Every structure is written in C-alpha cells, then in structure tokens.
Amino acid sequence: MRRQYADAFIYGAQEILDTEEENVIAYLYVGETSKVITVLNLNKYNLNASIILGNEMVRTRWKDVFTNGYLTAEIQGNRTLLTIPLVGEDLRILVLQED
C-alpha cells in the first residue's frame with residue numbers, strides 16, 4: 001500500500017482532517033498523482049464517521065481499499081462531508097478515484 005501510493009504517503013503533503021466524532025482520526029495525503037485518506041476509529045463501538053473536506057472536494061469519489069466499496073463526498077449544510085461506516089477500532093484507507 002505504501003509503495004503503491006508512495007507519491008502521497010512518502011513524498012506528498014499531509015493534513016489532519018476534522019471529524020464530527022470523538023476518537024476518530026483522519027489524515028489526507030496528497031501526492032502528485034494520488035490523494036489518500038486514512039481514517040482510524042479509536043472507539044470500541046461501530047459508528048458512521050463524518051470527515052470534513054474542503055468544498056473543492058464535493059462529489060469526489062473515494063474507493064475503500066479494504067472493502068472495494070465506493071463513497072462520495074456530499075454537501076451537508078455549508079460543508080462537504082465524506083461519511084464512512086466504521087466498526088470499533090477500525091482503520092480504513094480511501095483512495096480518490098479520478099474519472
């Protein structure tokens with residue numbers, strides 16, 4: 001994983017993302033050719049985490065590398081949110097899908 005997205009994980013810029021849940025940590029890694037979000041649920045219970053993205057990321061499509069499912073960032077109120085279901089003590093890695 002780290003080698004496949006080395007431009008983002010190793011050589012890219014890193015930014016912590018705000019979430020609406022306590023004990024959920026999210027990072028955005030931006031490389032020349034890829035963008036990757038990591039999300040970690042430190043809670044022992046399942047939840048739907050809302051990751052707050054910049055408005056330029058509205059309608060972006062993200063692939064969950066573990067489940068092969070897709071998530072889309074949507075505007076809710078005046079913010080762009082990416083909502084991801086997490087089980088307790090879960091890690092997810094999401095890769096931006098360019099169309």
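**Salt bridges, sheet and surface of the predicted model**

Arg-79 has a relative accessibility of 32% and therefore counts as partly exposed, where buried denotes under 20% relative accessible area, exposed over 50%, and partly exposed the range in between (1.4 Å probe, protein chains only). The structure is a predicted model, in which local features need pLDDT of at least 70 and side-chain atom pairs count only at pLDDT 80 or more, whereas totals for chains, interfaces and linings use all residues. Residues are numbered from 1 along each chain as its sequence is written, and side-chain values use heavy atoms, with hydrogens and water left out.

Salt bridges, defined by a side-chain nitrogen of Lys or Arg within 4 Å of a carboxyl oxygen of Asp or Glu, number 4 in the structure. One of them joins the side chains of Arg-79 and Glu-20, with an N to O distance of 2.1 Å. This pair links distant parts of the chain, 59 residues apart: Arg-79 belongs to strand E8, and Glu-20 to the loop between E1 and strand E2 (24–30). Strands (E, at least two residues) are DSSP runs numbered from the N terminus. Glu-20, at 39% relative accessibility, is likewise classed as partly exposed.

A further salt bridge connects Glu-89 with Lys-44 at 3.1 Å, N to O. Since Glu-89 lies in the loop between E8 and strand E9 (91–97) and Lys-44 in the loop between strand E3 (35–41) and E4, the contact ties together parts that are 45 residues apart in sequence. Both Glu-89 and Lys-44 are exposed.

Between Asp-64 and Arg-92, the closest N and O atoms of the salt bridge are 3.0 Å apart. Asp-64 is placed in strand E5 (residues 61–64) and Arg-92 in strand E9, so parts that are 28 residues apart in sequence are tied together. Asp-64 and Arg-92 are both buried. Through salt bridges with shared partners, Asp-64, Asp-90 and Arg-92 are joined into one network.

An open sheet is formed by 3 strands in the order E4-E8-E7, with antiparallel pairing; two strands are taken to pair if DSSP finds at least two bridges between them. E7 and strand E8 (residues 79–86) pair in the antiparallel sense over 3 bridges. Ile-75 stands opposite Thr-80 in E8.

Rings of Phe, Tyr and Trp (its six-membered ring) pair if their centres lie within 6.5 Å, and planes under 30 degrees apart count as stacked, over 60 as edge-to-face and the rest as tilted. By this rule, 2 aromatic pairs are counted. The ring centres of Tyr-27 and Tyr-29 are 6.3 Å apart and the planes stand at 40°, so this pair is tilted. Tyr-27 is partly exposed, with a relative accessible area of 26%, whereas Tyr-29, at 13% relative accessibility, is buried. One aromatic cluster comprises Phe-9, Tyr-27 and Tyr-29.

Ile-16 is located in strand E1 (residues 13–17) and is exposed, with a relative accessible area of 54%.

Note on methods:
Helices (H or I, at least four residues) and strands (E, at least two) are DSSP runs, numbered from the N terminus.
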